[in-house]
Structure formats: C-alpha cells, structure tokens
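I opened this notebook to record, entry by entry, what I looked up in one protein chain. The sequence and the structure come first, and my notes follow.

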Amino acid sequence: MQIRQLRDLTVSAQGLGCMGMSEFYGTGDQAEAERTIRRALDLGVTFLDTADMYGPFTNERLVGQAIAGRRDEVTLATKFGNERGEDGSFLRINGTPEYVHRACDASLQRLGVDVIDLYYQHRVDTSVPIEDTWGALRELVEAGKIRYAGISEAAPDTIRRADAVQPVTAVQTEYSLWTRDPEDDGVLATCAELGIGFVAYSPIGRGFLSGQIRSVDDLAADDFRRHNPRFQGEAFGKNLELVDRVRELAEGKGVTATQLALAWVMARSGRAGNPAVVPIPGTKRVGYLEENAGAADVELTDDDLRALDEAAPAGAAVGDRYPDMSTVHR
C-alpha cells in the first residue's frame, strides 16, 4: 500500500472506516470485524477511522481490542461532537471546550491508547465559536493527548477560522463518483490552498456504487440506508442507472465496480490542483476489505477518467445524501 501526506501526518493511501462494524449497516459480528481490522494492517491499510458516537461508544472499544499489541502499526483517527446517550439517543452537536476535553479522555480510555493520532471535530456546533472549540483542540495537542486535529463536514470559512487557531491536518467529507460536492463548494480548493489533507468517507457511495444493491430489500431491516433519500423511490432507480454505467466501465477494465469507484477517488489526489486525497471505505468483512485494497493497484488513464466523468458527472446522483442536511457544511 502506498502512503500519502495529510499535511504533516503520513498515512496509508487507503484507510478503513470502522463505523459499520458496530452500527448503521445492519447486525455486526465482532469477531469478523476484529479479523477485518487485523487483515487491514497485514495489507498495509493502517489508517483506521472510528468515532465515539459509533455504537455508541462500542466501536472505539472494538478497534482498541483489535489493535492491541499492534498500536505502533496504526494511524488512529477518532472523532467527537455528535453527543449521544448510553441508550443510543442523539443528544446534541457539542463543541464546547469542556466537552472536547471530556470526550477525548473518554475516547483514550475506550481505545486503550495514550494518544490519538488524528482527532476530528465530527460536526460543527454553530452555537459555539469555532475558535473556542479549536482552542481546546490546541490544548489537547499541547498536552500530548492528540497528535493532530481535523474537522468533518465543514464549510471553507469554518476551515479557515479553525486553521488560524490550530493547524487543520485533515478535512473529512463524503466524496465519491456520486457525491462530488467538495469539487464545487470550495472545500477541496481550500484544503489545497492551506496545505490540508482531504479524507473521503463513503467513497463507494455507501456501498451503492458496488452494484450489489439492486433493491432496498437487499438491505437489512435496521440498515440506516433505508432512510437515505438516494435509496428511496424514483431516486433509487435513477441512481441505479449511474451505477450500471460505472459497472460497465469496470468490466471493460477487468476490475470490480467497487475497485473502479475507489481508484477514481484515489486518482483525485494531487490532480487538477487537488490536495492529497485518502479514501476510507468502510467494511466489516475480510473479503470486501481485500477487494477494496485491490483498488490501489488499478491504474486509470486519462481516457478512463474522462469516461468516468461522462458516466457519473457532478450532480448526477438523485436525492440528498442525508435525510437532514442541516448539520453538514457548516
């Protein structure tokens, strides 16, 4: 696996999103999840992404158990800001300095580590000046509890204001062939200008771009994608047309649709004025992990990239990417 630079932080060119191992994508299997994480490390996929709210709280414990004895191989990222209760209820988006410190201490304990490599503000709390939240992150860096700080789903002005307080190492935002918003909303350009790395979550379109989801009935009853606008009604059919175009191109290259979609995201890194871009596809199974890792070996020509742009142009996906878009791009 190649490596990439997120500002001053060196990471594997592809990471692993661990969220679905604990929640949102149907029933999890902890033993298989731990095998998947350990297999990722074997393959050089050492950039692991979790958050306190996944589970809630259980995903960090799972990741901590899986990397026990191999901590020095891992670049560990987690997040704060989506405050949840022990019963799973969503309480609020919280960016108060007191909460930042409390959340970090709790994550360190659950992960079983002394320091977090990359600590993200998961969502922006508009009731708290971003300077106050990032002042707390600067204090965590100075205390040696975190090495670097990042922010997720933030608007360009917010990124700039945060960066003026404590260097923003990475911005994490959804980015894929069917979510190309960062190209148009100034986020990628802002990252490139400031030297900030970009981490792409859901780079396979929440699994849709794999071509394996042909109906909502293919999803578990408790899978949160059933409530995603892009997976519903007429939007589902329209988006399936996009997926089938990508799958045809993948078959022509002798790779899977998943690998082609991931290779496209990886190819955006440093291209056309972009910053370093690192996708973090999520999976909870070894087989899918190995398929994803294979995308690093897929070379895309300029003709391939043009064909993909024609098959999945910006704005082609139908429907919002969340049922409630009010908490993103703030």
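Predicted model: local features only at pLDDT ≥ 70, side-chain atom pairs only at ≥ 80, totals over all residues.

Residues are numbered from 1 along each chain as its sequence is written, and side-chain values use heavy atoms, with hydrogens and water left out.

Next I looked up the overall build. I found eleven helices and twelve strands in the chain, where helices (H or I, at least four residues) and strands (E, at least two) are DSSP runs numbered from the N terminus. The C-alpha atoms fill a box of roughly 50 × 40 × 35 Å along the principal axes.

I then asked what share of the 330 residues is buried. The share is 58%, with buried meaning under 20% relative accessible area, exposed over 50% and partly exposed in between (1.4 Å probe, protein chains only).

For the interior I looked up nonpolar cores, which are sets of buried Ala, Val, Leu, Ile, Met, Phe, Trp, Tyr and Cys residues joined through side-chain atoms within 4.5 Å. The largest has 79 residues, and Leu-16, Ile-37 and Leu-48 are among those with the most contacts inside it. Helix α9 (residues 257–267) gives this core its largest share, eight residues. A second, separate core of 14 residues includes Leu-9, Leu-118, Tyr-120 and Ile-280. In soluble globular proteins, nonpolar side chains tend to be buried together.

Last, I compared two residues. Arg-38 lies in helix α1 (residues 30–42) and is partly exposed, because its relative accessible area is 31%. Beyond its neighbours within four places in sequence, Arg-38 is in contact with Ala-66 and Arg-70. Thr-173, in strand β10 (residues 168–174), counts as buried because its relative accessibility is 5%. Not counting residues up to four places away in sequence, Thr-173 touches several others, including Glu-153, Pro-182 and Arg-321.

Notes. Contact = heavy atoms within 4.5 Å.
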